[in-house]
Protein chains: 2
Amino acid sequence: MSLEVVSQSRCFGGTQFVYRHASTETGTPMRVAVYVPPQAEHGKVPVVWFLSGLTCTEENFTVKAGAQRVAAELGLILVAPDTSPRGEGVPDDPGGAYDFGLGAGFYVDATEAPWSKNYRMRSYIERELPAIVAEHLPADMGRQGITGHSMGGHGAITIALRNPGRFKAVSAFAPIASPLNCPWGEKALSGYLGPDRAAWRDYDSCALIEDGARLSDLLVDQGAADGFLESQLKPGLLEAACAEAGIPLTLRRQEGYDHSYFFIATFIEDHLRWHAERLGV
Amino acid sequence: MSLEVVSQSRCFGGTQFVYRHASTETGTPMRVAVYVPPQAEHGKVPVVWFLSGLTCTEENFTVKAGAQRVAAELGLILVAPDTSPRGEGVPDDPGGAYDFGLGAGFYVDATEAPWSKNYRMRSYIERELPAIVAEHLPADMGRQGITGHSMGGHGAITIALRNPGRFKAVSAFAPIASPLNCPWGEKALSGYLGPDRAAWRDYDSCALIEDGARLSDLLVDQGAADGFLESQLKPGLLEAACAEAGIPLTLRRQEGYDHSYFFIATFIEDHLRWHAERLGV
């Protein structure tokens with residue numbers, strides 16, 4: 001599998017790349033943004049994955065979060081994948097809604113037609129892309145962290161829960177705490193996976209924890225003025241699940257902050273330092 | 001004149017606003033992005049203007065430069081205007097080119113029809129918008145700095161040169177050093193001002209300096225890998241003009257950096273600290 005450079009720009013002494021590559025999982029070309037810090041000139045460095053939210057591509061985090069400054073200081077590779085397959089023949093929400101189909105892969109392997117052919121973001125993020133990163137980038141795959149925003153916060157936590165030991169640090173910004181219990185999640189999981197809610201549990205942070213999955217700890221920032229807080233995100237469910245399971249959760253309710261990248265930009269430094277500590281940086 | 005809030009988001013303890021207001025200069029509604037730092041809760045704070053480049057709106061700098069973090073630390077209001085009038089009836093480049101008309105106001109008061117009716121970005125930025133800022137924002141108008149990128153770097157330097165004493169700090173990222181001597185400038189100034197090149201000199205940093213305008217000092221960052229360096233930007237012309245006039249110019253050629261916001265994001269902290277020092281912060 002080869003990585004084609006779409007663009008590259010010097011940034012804080014390192015390089016911000018956008019790559020394109022063929023994906024066997026999604027059956028499409030996929031884009032991924034990768035920041036390589038200056039320290040990578042001298043050897044492999046730890047990797048932090050950032051999974052984005054609804055409507056995003058690989059670009060949003062890359063241009064809006066200001067994460068490269070901190071990654072350059074700490075010596076972290078940042079990998080920001082796209083949020084769904086795209087391109088000719090890839091089906092989209094029949095009504096063109098923002099919360100299903102393109103830009104809304106929900107980090108699942110779809111089992112329902114017509115989604116099951118391309119919508120394999122779980123396997124893409126869990127298996128295919130890590131192999132590509134390990135082969136082509138100066139990445140120390142023994143030192144990985146994962147974080148994300150909203151739908152991507154759900155992705156980060158569920159992927160970490162399903163792959164014990166892979167990620168030494170896990171955090172999230174305003175994650176969808178329980179897709180089983182919110183309109184975004186119910187629409188996505190019923191569409192991609194069908195009506196059997198038992199099949200959804202693999203894609204629900206709270207259900208995975210109830211079913212025995214564990215993390216060594218978890219940092220979550222949540223804007224208290226986030227318009228999706230009560231209806232979709234429901235951090236209290238994650239708080240209860242972690243408390244019941246004895247998972248140390250640091251849940252910070254940030255007064256006045258909304259769901260935007262201005263919120264992420266404000267707290268990304270805290271998150272990357274949290275990751276760096278756990279990655280032995 | 002009233003300011004309507006289009007959006008507001010908490011960011012680094014302050015607030016990122018986007019405002020809309022009627023402009024008598026352009027005859028259109030105009031948008032402007034304003035970051036108000038936490039220090040403004042306790043009184044007026046200095047202002048730094050950021051003028052954007054071709055194709056930009058008030059949004060690019062606001063979401064891509066990561067400037068709020070530093071402005072919040074230093075206590076600076078950041079004002080990022082749009083780059084042209086927009087809306088129904090505003091003429092655009094007949095061929096839809098990116099370098100004239102919408103998104104390309106070049107910070108001039110056009111004298112040629114049909115541009116002269118709306119394209120009055122000089123008077124908008126020099127007179128109308130400062131009055132609005134002074135009236136509605138916690139801005140210490142006795143302590144202002146100005147900077148910008150590319151076309152906006154040209155705007156920042158020429159506006160500072162034409163308004164001696166108004167700006168205590170002036171800097172630019174990859175400015176168009178001399179519109180009289182590059183294709184972007186010749187197209188814009190001939191279109192907006194007509195063929196008499198004598199009328200262009202008010203909109204050319206080097207010509208203004210030759211004609212006697214002065215700055216106390218000037219910081220310019222220029223990416224050495226910027227694709228527009230030789231053909232459009234020509235920092236050597238500004239360097240020569242400043243040397244001849246005895247203006248202390250700090251021109252930093254940044255190895256490997258291009259014309260993108262990754263370049264601006266990397267060096268915005270240096271610029272805001274340069275401004276803060278001169279604004280008595």
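Let's start at T26(B), which sits in the loop that connects β2 (14-22) and β3 (29-36) of chain B; helices (H or I, at least four residues) and strands (E, at least two) are DSSP runs numbered from the N terminus. This is a predicted model, in which local features need pLDDT of at least 70 and side-chain atom pairs count only at pLDDT 80 or more, while totals for chains, interfaces and linings use all residues. Residues are numbered from 1 along each chain as its sequence is written, chains are lettered from A and ligands numbered from 1 in the order in which they are written, and side-chain values use heavy atoms, with hydrogens and water left out.

T26(B) counts as buried, at 0% relative accessibility; buried means under 20% relative accessible area, exposed over 50%, and partly exposed in between, with a 1.4 Å probe and protein chains only. Its side chain makes a polar contact of 2.7 Å with the side chain of T28(B). Such a contact is a pair of N or O atoms within 3.5 Å; within protein, one must be able to donate a hydrogen and the other to accept it, and residues adjacent in sequence count only if both atoms are side-chain atoms. Beyond four places in sequence, T26(B) is in contact (heavy atoms within 4.5 Å) with P85(B), K117(B), N118(B), M121(B) and Y124(B).

Now over to chain A. An unreviewed UniProt entry annotates S150(A), D226(A) and H259(A) as "active site"; UniProt positions are given in the numbering used here, feature names are shortened, and annotations may be inferred rather than shown by experiment. These residues spread over 110 residues of sequence, yet they cluster in space, with a largest C-alpha distance of 10.8 Å. S150(A) lies in the loop between β6 (139-148) and α4 (151-162), and H259(A) in the loop between β9 (249-254) and α9 (261-278). S150(A) is buried because its relative accessible area is 3%, and H259(A) counts as buried at 17%. Leaving out residues up to four places away in sequence, H259(A) touches S150(A) and D226(A), among others.

What about empty space? Rolling a probe the size of a water molecule over the atoms shows where it is left. On a 1 Å grid over the protein atoms alone, a cavity is a set of points where a 1.4 Å probe fits but cannot get out, and a pocket is an open set with protein on both sides within 12 Å along at least five of seven lines; lining residues have an atom within 4 Å of a point. Grid points are joined across faces, edges and corners, and a volume is the space filled by probe spheres set on the points.

The largest pocket has a volume of about 880 Å³. Of its 48 lining residues, V63(A), K64(A), A65(A), V63(B) and K64(B) lie nearest the centre. Helix α9 (residues 261-278) of chain B gives the most to this lining, with seven residues.

The structure also holds two cavities of 30 Å³ or more. The largest cavity, of about 50 Å³, has residues including Q16(A), Y35(A) and F61(A) in its lining, and β3(A) gives the most, with three residues. The second largest cavity has a volume of about 40 Å³, and its lining includes Q16(B), Y35(B) and F61(B).
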